[in-house]
Amino acid sequence: MTSPYSDMPPAHASSTATPPGAAATDARILDRGYRRYEGERLGAKGAQRALFVASVQRALGLRRRFRYKVIPLVAAVMAYLPAAVFVGAAALIPKQLAKDLVPDYSGYYGFVTSAILLYVAAVVPDVLCSDRKTGMLGLYLAAPLTRDSYLAMKGAAVAAIVTLVTLGPPVLLVIGYSFVSLGPSWPTEGLVLIMRVLAAGAAVALWYTALAMVAASLTDRQAFASAGIVLATLVSAAAVGALVDGAHMTQWLHLADVFNLPFEVVRRIYGERGLYGDIPTIPLLLAFAALILLAGVFVRTRYQRLMVTK
């Protein structure tokens, strides 16, 4: 019995019809099947590097539409512009007057807190929330990535982009002040100051990285996470201020002030007494580090219990 499909071309042959009059030798086989990948295999390290780079690019709006670049640009201008203004003012006015008018390195953060909060609240949650909302988290974990390595790369990417607005401006201030003879004497005082600048910028970046990752781990909606970051900082500052200053409760309640605590740590790093004078420096720094560690444990626990479809 003749099969009704005997006249059909094989599945691997070209689906393009042969023009009338064309020679039989013109036919080509286009489907060549599967072949082994013979390129370089980067393994888990390569996947981690790719995730880190992709996360940084997403946060900064790189390879995305212009509207995703607006907030990073605005935050960068808000963070760096005061430093440029202060350096310019110090160059134009007498040296003795400049020492009284321009802020010192620890006081500079008072001018850029809004920029830091805007940047963290508007940009950082998208780095984590989008992966769960779109299902990309399952694809990442199907690659040679574990939940811990995924969180480590996300945390490193968030810390790197937050450092742009917490560390960059003070470094610019040191360089600018040095050029107008308001900087430290080198190398001794200069090296000590650089270490303090790096430690202060890293402390603020780690704090807001922890805060943003906690907020982003609680929801897959970026708007909710952003609102949570803003509310946590503003409400905690107002509540702690009312309890400590108004009700005269213990100074240790300042540890619950999500907004002002990192900048108090900055003052202690620069050797200043700070606003929480009744709290010794070493216990304050230990409590600060413990809170960041607790935030990391909380985020890890959330992701370990998260149901992911691969």
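This is a predicted model: local features need pLDDT of at least 70, side-chain atom pairs count only at pLDDT 80 or more; totals for chains, interfaces and linings use all residues.

A: Arginine 267 has a relative accessible area of 22%. Buried means under 20%, and exposed means over 50%. Arginine 267 falls in between, so it counts as partly exposed.

Q: Which side chain does arginine 267 meet in a salt bridge?

A: First the general idea. Side chains of opposite charge can pair when their charged atoms come close. Here the partner of arginine 267 is glutamate 264, at 2.9 Å from N to O. Glutamate 264 is buried, with a relative accessible area of 0%.

Q: Where do glutamate 264 and arginine 267 lie?

A: Both are in helix 11, which covers residues 261–269. They are three residues apart, about one turn of the helix. The general rule is this. An α-helix has 3.6 residues a turn, so residues three or four places apart point the same way.

Q: How many salt bridges does the structure hold?

A: It holds six. One of them joins the side chains of aspartate 126 and arginine 58, at 3.1 Å from N to O. Aspartate 126 belongs to helix 5 (residues 125–134) and arginine 58 to helix 1 (residues 43–60), so this pair ties together parts that are 68 residues apart in sequence.

Q: Which residues are linked with Asp126 in a network of salt bridges?

A: Look for charged side chains that share partners. Arg58 and Arg64 are linked with Asp126 in such a network.

Q: Which side chain meets aspartate 131 in a salt bridge?

A: Lysine 154 does, at 2.9 Å from N to O. Aspartate 131 lies in helix 5 and lysine 154 in helix 7 (residues 147–166), so the pair ties together parts 23 residues apart in sequence. Now check the cover. Aspartate 131 is buried, with a relative accessible area of 5%. Lysine 154 is buried too, at 2% relative accessibility.

Q: How far apart are the end C-alpha atoms of helix 1, and what span should its residues give?

A: At 1.5 Å a residue, the 18 residues of helix 1 should span 26 Å. The end C-alpha atoms are 26 Å apart, which agrees. Then look just past the end of helix 1. Glycine 61 takes a positive phi of about 80 degrees there.

Q: Which residues of helix 1 are buried, and what covers them?

A: The buried ones are Gly46, Ala47, Gln48, Leu51, Ser55, Val56 and Ala59. Their cover includes helix 2 (67–92), helix 4 (109–123), helix 5, helix 6 (136–142) and helix 7.

Q: What does glutamine 48 touch?

A: Leave out residues up to four places away in sequence. Glutamine 48 then touches Leu145, Ser149 and Met153. Its relative accessible area is 18%, and glutamine 48 counts as buried.

Q: Which residues have the most contacts inside the largest nonpolar core?

A: They are Ile116, Tyr177 and Tyr208. The core has 77 residues. Helix 9 (residues 188–217) gives the most to this core, with 14 residues. Take tyrosine 208 as an example. Not counting residues up to four places away in sequence, tyrosine 208 touches Ile116, Leu117, Val120, Val162, Thr233, Phe259, Pro262 and Phe263.

Q: What can I read from the chain as a whole?

A: Of its 310 residues, 38% count as buried. Next, take contacts between residues at least 6 apart in sequence: 73% of these join residues at least 24 apart. The protein chain exposes about 18000 Å², and carbon and sulfur atoms supply 65% of that.

Q: Which elements have the lowest and the highest mean pLDDT?

A: Helix 3 (residues 95–101) has the lowest, at 79, and helix 12 (residues 281–304) the highest, at 95. Over residues 1–18 the pLDDT is below 50. Beyond near neighbours in sequence, that stretch has five contacts in the model. The protein chain averages 86, and 89% of the residues score at least 70.

Terms used. Residues are numbered from 1 along each chain as its sequence is written. Side-chain values use heavy atoms; hydrogens and water are left out. A nonpolar core is a set of buried Ala, Val, Leu, Ile, Met, Phe, Trp, Tyr and Cys residues joined through side-chain atoms within 4.5 Å. Buried means under 20% relative accessible area, exposed over 50%, partly exposed in between (1.4 Å probe, protein chains only). Helices (H or I, at least four residues) and strands (E, at least two) are DSSP runs, numbered from the N terminus. Contact means heavy atoms within 4.5 Å. A salt bridge is a side-chain nitrogen of Lys or Arg within 4 Å of a carboxyl oxygen of Asp or Glu. Accessible areas come from the Shrake-Rupley method with a 1.4 Å probe; for residues, only the protein chains shown count as cover. The expected span of a helix is 1.5 Å times one less than its number of residues. pLDDT is the predictor's confidence in each residue, from 0 to 100.
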